[in-house]
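Subject: Structure for your attention

Dear colleague,

Please find the structure below.

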Amino acid sequence: MKRNGQVLLTVEHITKQFGGVVAVNDVSFDVNKGEILAVIGPNGAGKTTLFNIVTGILAPSSGTVRFNGTDITGKKPYQIAQLGMTRTFQNLEVFTNMSVIENVMTGAHRNMKTSFLQAGLRVPSVKKEEKAVEEKAMRCLEKVGIAHLAYERAETLPYGNQRLLEIARAIAAEPALILLDEPMAGLNDEESRWLVEVILQLRKEGLTFVFVEHDMETVMAISDHIVVLDNGVKIGEGTPEEIYRNKAVVAAYLGEEETVC
Ligand SMILES: Nc1ncnc2c1ncn2[C@@H]1O[C@H](COP(=O)(O)OP(=O)(O)OP(=O)(O)O)[C@@H](O)[C@H]1O
Ligand SMILES: [Mg+2]
């Protein structure tokens with residue numbers, strides 16, 4: 001079914017081979033502005049590989065990625081970030097030896113004139129800008145609900161809060177699109193509910209999300225559109241309702257749960 005809206009990201013016939021393994025096989029889909037799109041599929045389906053291609057960590061074997069009207073295929077991750085796309089990782093990537101707010105400031109510096117290193121030298125002319133970056137970082141921490149932990153060392157935070165920290169760092173760059181790789185993994189029910197609220201609030205503020213997730217309750221509850229991968233191949237896409245009724249999807253993925261007695 002054709003959905004309305006302005007396309008922000010286009011994945012076009014993306015294939016990625018690792019030696020003999022075709023991790024992503026001719027996958028195409030669009031992400032609309034303001035949408036929450038989930039990419040689901042069994043372990044090894046190619047979800048993280050797809051994220052790595054979209055964010056420039058890996059070059060595809062073939063195919064094109066377009067973001068906001070620009071062909072970003074083969075661009076470097078920092079170039080893609082500058083165009084307004086940030087991400088979080090399946091395995092947390094927090095700078096453990098920095099404070100929480102310094103972690104977020106590394107994200108905020110994308111839009112500043114001075115680099116994080118220059119700011120670190122504390123030249124008077126950059127102090128004012130550094131202050132602005134710190135204030136912005138603090139606002140991002142407030143949005144994810146961990147502003148009270150701003151001056152703690154990042155490594156002392158429990159897992160759930162480190163995940164929120166990663167999201168604060170991602171939004172500090174003022175992206176148009178954020179990719180989250182299994183954001184709910186390792187969170188308890190209360191933490192998951194809070195993260196859902198954070199994502200929905202950020203979407204209200206205009207952000208677009210693509211997320212990989214195994215937690216089907218969350219996927220079905222917050223996604224506008226779902227893309228299903230199996231063994232590198234897109235086997236279905238649609239609204240949560242459509243996916244729920246898609247026999248191929250149920251057989252390949254959702255069915256796994258239903259067969260457990
Ligand atoms: N750097 C690599 N070199 C070789 N093979 C790889 C590499 N990265 C991924 N693969 C293979 O590509 C396939 C897809 O892996 P990928 O990590 O993208 O799956 P996934 O859907 O993210 O799985 P999971 O749900 O377990 O995170 C797997 O067969 C994996 O072993
Ligand atoms: Mg993965």
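Two strands are said to pair if DSSP finds at least two bridges between them. In this predicted model, strand β1 (residues 7-18) and strand β4 (residues 62-67) form an antiparallel pair with 5 bridges. Within that pair, Glu12 stands opposite Thr64 of β4. Strand β4 also pairs with strand β5 (residues 70-71), again in the antiparallel sense, over 2 bridges. Here Arg66 has Asp71 in β5 as its bridge partner. The hairpin of β4 and β5 has 2 residues between the strands, and Asn68 takes a positive phi near 55 degrees in this hairpin.

Turning to the side chains, the structure holds 9 salt bridges. One of them joins Glu35 and Arg3, at 2.9 Å from N to O. Glu35 lies in the loop between β2 (21-32) and β3 (36-40), while Arg3 belongs to the segment before β1, so this pair ties together parts that are 32 residues apart in sequence. Glu35 counts as buried, at 8% relative accessibility, whereas Arg3 counts as partly exposed, at 21%.

Another salt bridge links Arg169 with Glu166, where the closest N and O atoms are 4.0 Å apart. Both residues lie in helix α6 (residues 159-172), 3 residues apart, which is about one turn of the helix. Arg169 is buried, with a relative accessible area of 14%, and Glu166 is buried as well, at 2%. The charged end of Arg169 also sits over the ring of Phe95, 5.1 Å from the centre of that ring. As for pairs of aromatic rings, the structure holds 0.

Yours sincerely,
A colleague

Technical notes
Residues are numbered from 1 along each chain as its sequence is written. Chains are lettered from A and ligands numbered from 1 in the order in which they are written. This is a predicted model: local features need pLDDT of at least 70, side-chain atom pairs count only at pLDDT 80 or more; totals for chains, interfaces and linings use all residues. Side-chain values use heavy atoms; hydrogens and water are left out. Helices (H or I, at least four residues) and strands (E, at least two) are DSSP runs, numbered from the N terminus. Rings of Phe, Tyr and Trp (its six-membered ring) pair if their centres lie within 6.5 Å; planes under 30 degrees apart count as stacked, over 60 as edge-to-face and the rest as tilted. A charge sits over a ring if NZ of Lys or CZ of Arg is within 6 Å of the ring centre and within 35 degrees of the ring normal. Buried means under 20% relative accessible area, exposed over 50%, partly exposed in between (1.4 Å probe, protein chains only).
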